[in-house]
Every structure is written in structure tokens, then in C-alpha cells.
Amino acid sequence: MKIYEAQAAPNPRRVRVFLAEKGIQVPYEQIDIGKAVNRQPEFRKINPLAGVPVLELDDGAHIAESVAICRYFEEIHPAPPLFGIGARERALVEMWQRRVELYLFIPIADSFRQRHEFFKGRIRQVPEYAEAQRQNAEERLAWLDAELANRRFIAGDQYSIADITAMVGIDFGRVSKIAIQPGQKNLARWHAEVSARPSAKA
Ligand SMILES: N[C@@H](CCC(=O)N[C@@H](CS)C(=O)NCC(=O)O)C(=O)O
């Protein structure tokens, strides 16, 4: 088993933080996305969509998509649970994981991908869309700040994969000058707490 990843990229970091929370060690193989190695035919045999991370199982199966990789490890190492326990909690974690991925992480990623030199020639870029997504991300930070007035973590009282996605997304916002605002005290309190966990350094 091994994970193809790229140290500086946000999606691989989501998986590293998740594994660190569970105390699981998996060998990593670095893919040089700066040189677009992930977009070459050799890597596309592993993931036709070219993204990292990708988990390679001992039977040769390849599992891409960060949350799918995390779910695999949740099944084989249930403790500590990061997708919730029981129908109610699992549904709430799923809801929040999807919300922070679709409405925060992706707008933050688009703010970078849609305008930055790094992605020129790799994807179709629309700089106006980068700016629209930057503004969307800023609105979602305000929304999340209000949500966090009444609970400790994104999905409730327990730390979960939703916290990992939100933290990694917000940290990646630095490259697009998207940041928690001084008045967003609930978000700042939450961010300080999740960033202080040893897993955040993974
Ligand atoms: N939906 C995928 C996204 C994978 C993805 O876009 N990975 C980025 C790194 S954060 C990547 O491979 N970028 C290099 C490229 O697109 O060339 C996931 O959740 O893992």
C-alpha cells in the first residue's frame, strides 16, 4: 500500500491530517505536480483525472478522491471516528463535510486555479470566475463564523473530517489572500483549536 501525493497541495494534506488523527502510517510517493508529472500518460494510468492524492492498495486497486481515501481508512481503523457514530451524527458529518468542501474549499481552490500561472495550459481558466469564487469564499467564512457561535467543531461537539476539510481549505486561502477576518471570533477560536492539534502539522 502507498499514497501518491504532493507535499504542498491541499487535497493530499487532508489525507495526511486524517491519517495523523488516526495514528496510521502509510508510505508516500511524491509526485512532482510542479513539473506536471501527474498529467503525463504514466500517472493517468493510476488516475485518469490526474489529481493527487491516490491510494494504491496491495491488490493494485487505485482509490482517488481525498474523502474516498479517508473513508477507506475509517472502515479499517474506526477509532477515533472521524465520520461520526450512528445515523444522526454520520448524517450531520456528511452534510458538513459536503458543505465545507463544495461551498468553501472549492471556491478557495478556484480562486487559485482559475487565475494562477501554475494552472495555465493545464485547465481552462476564467480569471473573472477566480474573483467571483474569492468573493464567495469570503461570504462563506462569514457564514461559518456565525455557525460556530453555538458549537465547538464544524459538525458538532466532535472533531471530524469536516474540520479537516475546512481547516485545510482556509489555510490554502493564504495564496489568494482569503483569510479569517478580525471580527470573525468564532471562526478564529475554532481555527486556533484545530490548528493546535498535532495532526495539523502533517
Ligand atoms: N477531488 C480531488 C481533487 C484532487 C486534486 O485536484 N488535487 C490537486 C492537488 S490539491 C492536483 O492534483 N493538482 C495538480 C493538477 O491538477 O495538475 C480530491 O478530493 O482528491
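Where is alanine 36 found? I located alanine 36 in the loop between β2 and α2.

**Entry 1. Ground rules**

I am working from a predicted model, in which local features need pLDDT of at least 70 and side-chain atom pairs count only at pLDDT 80 or more, while totals for chains, interfaces and linings use all residues. I number residues from 1 along each chain as its sequence is written. For secondary structure I take DSSP runs, numbered from the N terminus: helices are H or I with at least four residues, and strands are E with at least two.

**Entry 2. The chain as a whole**

I read seven helices and four strands in the chain. Along the sequence they follow the pattern β-α-β-α-β-β-α-α-α-α-α. I then looked up the radius of gyration, which is taken over C-alpha atoms, with a globule rule of 2.2 Å times the number of residues to the power 0.38. For 202 residues a compact globule would have a value near 17 Å, and the chain agrees, with 17 Å. Along the principal axes, the C-alpha atoms fill a box of roughly 50 × 45 × 25 Å.

For burial I use C-beta atoms placed from the backbone: a residue is buried if 20 or more other C-beta atoms lie within 10 Å of its own, exposed if 12 or fewer, and partly exposed in between. On that count, 36% of the 202 residues are buried. Two residues are in contact if their C-beta atoms, placed from the backbone, lie within 7 Å. Of the contacts with a separation of 6 or more, 65% come from residues 24 or more positions apart.

**Entry 3. The sheet**

In what order do the four strands of the open sheet stand? I find the order β2-β1-β3-β4, with mixed pairing. β2 and β4 (62-64) stand at the edges with a single partner strand each, so one side of each lacks a neighbour in the sheet. Direction ignored, neighbouring strands are turned by 25° against each other on average. Pairing here requires that DSSP finds at least two bridges between two strands.

I went through the pairs in turn. β1 (residues 2-5) and β2 (residues 28-30) are parallel over three bridges, and tyrosine 4 has glutamate 29 as its bridge partner in β2. The chain passes from β1 through helix α1 (residues 10-22) to β2 in a right-handed β-α-β crossover. Right-handed means that, with the strands pointing away from the viewer, the path from the first strand over the helix to the second runs clockwise.

β1 also pairs with β3 (residues 54-56), in the antiparallel sense and over three bridges. There tyrosine 4 stands opposite valine 54. β3 and β4 run antiparallel and are joined by three bridges; glutamate 56 has histidine 62 as its bridge partner in β4.

Helix α3 (residues 66-76) lies across β3 and β4, at about 120° to β4. For such angles, axes are lines fitted to C-alpha atoms, for helices over the stretch in contact, and the angles run from 0 to 180 degrees between N-to-C directions.

**Entry 4. Helix α1**

Is α1 mostly covered or mostly uncovered? I find it mostly covered, with ten of its 13 residues buried. Among them are Val15, Val17, Phe18 and Leu19, and also Arg13, Arg14 and Arg16. The cover over these buried residues includes β1, α3 and α6 (161-172).

Glycine 23 follows α1 and has a positive phi, near 70°.

**Entry 5. Backbone exceptions**

Most residues other than glycine have a negative phi, and most peptide bonds are trans. I therefore noted the departures.

- Alanine 36 has a positive phi, near 60°, and is partly exposed, with 14 other C-beta atoms within 10 Å.
- Alanine 50, in the loop between α2 and β3, has a positive phi near 75°; with 18 other C-beta atoms within 10 Å, alanine 50 is partly exposed.
- Valine 52 and proline 53 are joined by a cis peptide bond with omega about 10°, and proline 53 is in the loop between α2 (41-44) and β3.
- Alanine 79 to proline 80 is also a cis peptide bond, with omega near -10°; proline 80 lies in the loop between α3 and α4.
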